[in-house]
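Trainee: Could we go through this one together, slowly?
Mentor: Of course, have a look first.

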Amino acid sequence: MNKIVGSNAWANLREEDGLEGGNTFSGRRHTPETIEKMKLAVIKRPPHSTETRNKIAKSKKGQGKGIERLRSQEHQQNLTKSLQGKAPWNVGVNGYKNKSQQLTCPHCDVTGGSGGMKRFHFDFCKNNPNKKTVKKSKQKIVMCPCCGKTGGMTNMKRFHFENCKHQDHNEK
Ligand SMILES: [Zn+2]
Ligand SMILES: [Zn+2]
């Protein structure tokens with residue numbers, strides 16, 4: 001009997017701990033607050049009889065299913081509505097013309113959404129004899145105040161400034 005009560009209380013507490021962010025049991029110790037909660041829970045909760053536990057389990061199951069069913073139905077309806085309102089996303093590629101602009105590259109006859117096409121085709125298409133190269137120097141050039149080195153913002157931020165090995169107060 002005692003074992004069942006103990007495990008029951010623990011099961012409940014684990015649920016609560018789970019909300020606080022997962023692996024509470026690896027590494028981190030329980031806060032005094034949590035331990036206090038546990039004690040209270042154990043004291044306050046009388047052992048459920050099998051009957052009561054079955055009832056609870058049933059009602060919980062019923063609720064869960066009910067909510068799930070409602071949600072999924074609602075979800076389904078929303079999906080249907082949205083699909084009826086607009087053209088389905090996957091029809092636009094091969095079938096009807098989608099609202100989003102479809103462009104065909106004159107150099108390689110590839111068709112696609114305007115964003116990707118403009119980036120990788122037309123002027124930048126690999127079949128374009130006058131292909132333009134994307135200039136990487138568009139990136140902002142910055143200088144590290146620690147070692148005076150200059151470079152692209154992304155790399156410089158990663159290896160310089162706070163992370164610069166020439167930094168005097170190098171603690172990292
Ligand atoms: Zn192309
Ligand atoms: Zn530096």
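Mentor: What follows is a short chat about folds, confidence and one residue.
Mentor: Residues are numbered from 1 along each chain as its sequence is written, and chains are lettered from A in the order in which they are written. This is a predicted model, in which local features need pLDDT of at least 70 and side-chain atom pairs count only at pLDDT 80 or more, while totals for chains, interfaces and linings use all residues.

Trainee: How many helices and strands are there in the protein?
Mentor: The protein has six helices and four strands, where helices (H or I, at least four residues) and strands (E, at least two) are DSSP runs numbered from the N terminus. Along the sequence they follow the pattern α-α-α-α-β-β-α-β-β-α.

Trainee: And which element has the lowest mean pLDDT?
Mentor: That is helix 4 (residues 91-94), with a mean of 48, whereas strand 2 has the highest, 93; pLDDT is the predictor's confidence in each residue, from 0 to 100. The protein averages 71, and 47% of the residues score at least 70.

Trainee: Changing topic, where is Val 110 found?
Mentor: Val 110 is found in the loop between strand 1 (102-104) and strand 2 (111-113).

Trainee: Why does Val 110 count as partly exposed?
Mentor: Because Val 110 has 14 C-beta neighbours inside 10 Å; a residue is buried with 20 or more other C-beta atoms within 10 Å of its own, exposed with 12 or fewer, and partly exposed in between, with C-beta atoms placed from the backbone.

Trainee: How far apart are Val 110 and His 121 in space?
Mentor: They are 8.3 Å apart, C-alpha to C-alpha, and 11 residues apart in sequence.
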